[in-house]
Amino acid sequence: MVEGSYSVLADGLERKRLQLAIEAAQLGTWECDLAKAVITVSARAADILGLPGLGVLSLETWRDLLHPDDKDRVYASFMGAAAESARYREQYRVRLPDGGLRWVAASGMIVREGGGGATAIGIIEDITDRKQAEEALITKSQALAESEAQYRIMGDAIPYGVWLCDANGGARYVSPSFLELLDMTQEEQSEFGWTKRYDPDTVKAMLDRWMHCIRTGELWEYEHRILGPDDEYRTVLSRGRPVRDEHGAITSWVGVNLDITDRKRAETDAARKKAELEVALNQVRDLDEAKSRFFANVSHELRTPLALILGPVDDLLANADMPSEWRNDLDVVRRNAQTLLAYVTDLLDLSRLDAGPMRPDYRQADLADSVRQIAAHFQSAAARRGVGLLVEAPERLAAQVDPAKLGRVVFNLMSNAFKHVPDRVGLVEVRLTAAGENAVIEVGDNGPGVPGDMRERIFQRFVQGDEPQRGAGTGLGLAIANEFVARHGGTVVVGDAPAGGALFRVVIPLTAPEGTPVGPAAGAGLGDLIVVAEGGDAIPTDDDAAIPDEDRPLVLVVEDNPDLRAFIAKNLSGVARVAVAEDGVDGLAAAERLVPDLVLTDIMMPRMNGDQMVAEMRARAHLAEIPIMVLSARADQPLRTRLLSGRTQDYLVKPFAADELRARVGNLLQAKRARDLLWAEVEGRQQNLEELARQVAAVNRTLRLNADEMRVARDRAEQATLAKSAFLNMVSHELRTPLTQLELQLALLERRFRKGLDERQDEIFADLATAMRRLTRLVGSVLEYSRVAGGRLSVRVERFDPARLVVEACADARDEARRHGLELACAAEGDVPPLVSDPALVRVAIRNLLDNAIKYTPQGRVSARVLAMGWLVRIEVSDTGIGIPSDCQQKVFEPFEHIETVERKHAPGVGLGLALVKEIVTTLGGRVSLVSAPGQGSTFTVELPSMEGMR
């Protein structure tokens, strides 16, 4: 800026100096004749304005050089200064010839001459660099302000924000969110005031660590427990680092606070859940071990009576003079006993697999010969059922395998194929080939095949198809085959067979693993393999089976087991005409054609099960009123309740007595006959009201009698085992069906032929009867305990004489004691008052205690004593047996527990009797105790209260 009057510039020396200063400052000068509107500029000014070489320009030309945004503002400012003789100062942009812009600063003043004219003079400066620096500074300042605002927002968003401390650790700033947690102001939290909200038990340790970091400059990281405004502790993770100057000295600390309360809770919950999972895992392992012991024990116990059944039966069948009628019945007994033995073998193999590594016993073997031998087992079954059997194998195929286990694999695959192929048109193909270093065994069929979503699961234990098939089995065959193949280092997969069914493909190495000892060739070890797929066709399965006496009622029997179907038909032949069908589809068709007076049906059958068939019948008007009786091994309470609630008239659980079956069928037929007559009389209106009333009364009496018998039968059925889990239901079905055959056939044989037996045959029958009783008790114990332990025990309270009940229980057990050479005594001391409880359950408990005492008393006596103890009735069962060690006295009341190991035990049983006693007594509100010592016998004491309030 130039100040002073124009007269000062006139001084030459001073003017020269001013000119030099202006040039040194790289300033340009300008002079404007306001009257002529002409501006004269110096060379530097012309250069700044982008007009090199031009010294004179009009005021309008100068105006046109200005940036459009600055033009009006700058021109008005200049003209205003000229009009008011004021000083002029502006910053503006000019447009350069190359299209660029330049910032200039211009200042000047107005000089008026004596004649009245006015001139504006001044300087101009290029300030482009300065303006760019200012703009950059402004931009940077704005960015810093924005960044600071963002960081502040971020700090406030972090629970619980950021903090700043001085070099000595004193807080200078914490974010508002942290102040909110502390319930303090900035001033209150300074000078370590924030420590007042910390857990007092941890403050000292925390401050010691903080001071250590202040001294050493180590990074700060610490978890705090801070008491919040809600008086609950929050867990905060604090992290910080030092800020250093150019010399490395710490000038301050900066850090963040993070709320990790939820994370700590999650970690605590995860640790707790991990501990719970470990406990659950240990429980699962214990249960798995108990299951394996149970399987081993049950297999051991079932094989013994089965051996005692098969042995005598084989002896009887070996007699060439055996009457054909006897031989047919004994064939049924042998076939069903073999079925049971096959299932038991599956369970035994499963327990061995679970017990630990089962390494193959590698031997030199001829696979081709083994496959042909196994296929030979199925020849008779194939011929009887009209199933084609094709076996393709080389003359010889040497391999190093475990012949018994590999034979079991092939046998199980063929059994599975025979189970699913239809009669008369079925086809099973077995092929053995060598593929490099492996042997390939393929078993295919033309059955329904395996759906894609089942092809992985089919090899799991207890997994079966959705639809029941011929001989449903235990669901273990394919699982055992898969595990045996895996132990050989091979694989087994299932796909589609060329014939349309399933194709199982086994690939195993032909040589044993390197370093594995290989024994010499041995027999195939196929003696335990029993074909359970072959059923007997004792009677026809079409409508011709109906007895042609048209005046007798017609009963339709729908049952997939041929032996049981034949037996039911034979036993009902004296009660009614009988027609039979082998599954739900055939049964429904037969019902449509015959419209029988009664239908007896199984539940688990192929193609259409009994439940579905019943629903179809009830949906058809002409079949809706036919009485239906269910015969099933499924003691399934929900299913039974649903069927008895409206669809069926009776439900009989297998095994059952033939006399009971005939009685129930007779009652149902009689009720239907009475109902038919009543409807006929009502519709015909052919009798007077008095006679009709008499008929109605008679029918009502009959119906009440039938209802009472049905209630008794239902009460008996409700005491049967209810196996809620799928596995126990399956085992119940598979064990009880053949067991029914054994009981019914033995009873029939004894009734018909007992008088004609010689002494040896009479002994055989006695052995069979003993083995059957033992087998029935074993299965009954397992199923009874399943019902009790499942919470399905029904208590029926009534008043009874406990002394008489104990005497009757001793009378029932006396024959068993006599067979063991024991004395059995029973006594009542004093007056024993009546007891209000469930006599049926008390009888079961006392009989189990007596059976247990007899079982474990080699010699001496067993006694039972009943007496009154205040408001309790006390029953004691004592023996002179082996006694029980003190460390085992609690275990004997646990299910499946034995004092002896399975390998060394000599007393039969699966370890459920005493567990059943404890469950029953506890349910009745009593308690059971034990006093015993090894070698000195045992005394079990049951104390029962009267359950007056439950009557």
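I began at Ala-37, which lies in the loop between strand E1 (28–33) and strand E2 (38–41). Helices (H or I, at least four residues) and strands (E, at least two) are DSSP runs, numbered from the N terminus. The model is predicted: local features need pLDDT of at least 70, side-chain atom pairs count only at pLDDT 80 or more, and totals for chains, interfaces and linings use all residues. Residues are numbered from 1 along each chain as its sequence is written, and side-chain values use heavy atoms, with hydrogens and water left out.

**Positive phi**

I looked up the backbone of Ala-37 and found a positive phi of about 60°, although Ala-37 is not a glycine. Ala-37 is partly exposed, at a relative accessible area of 28%. I use buried for under 20% relative accessible area, exposed for over 50%, and partly exposed for in between (1.4 Å probe, protein chains only).

I then went to Arg-424, in the loop between helix H14 (403–420) and strand E15 (427–435). Arg-424 is not a glycine either, and has a positive phi of about 70°. Arg-424 is exposed, with a relative accessible area of 68%.

**Helix H9**

I checked H9 (residues 203–216): its 14 residues reach 20 Å from first C-alpha to last, close to the 20 Å expected at 1.5 Å a residue. The expected span is 1.5 Å times one less than the number of residues.

Which residues of H9 are buried? I noted Val-203, Met-206, Trp-210, Cys-213 and Ile-214. They sit on the same side of H9, because they cover an arc of only 105° around the axis; the arc is that of the directions from the helix axis to the C-beta atoms. The buried residues of H9 pack against E7, strand E9 (220–227) and strand E11 (250–259). Contact here means heavy atoms within 4.5 Å. On the face turned away from the buried side I found the exposed residues Lys-204 and Arg-215. Just after H9, Gly-217 takes a positive phi of about 80°.

**Leu-164**

I followed E7 to Leu-164, which lies in this strand (residues 162–166). Leu-164 is partly exposed, at 32% relative accessible area.

**Whole chain**

I recorded 26 helices and 30 strands in the protein chain. Of its 951 residues, 46% are buried. Among contacts between residues at least 6 apart in sequence, 65% join residues at least 24 apart.
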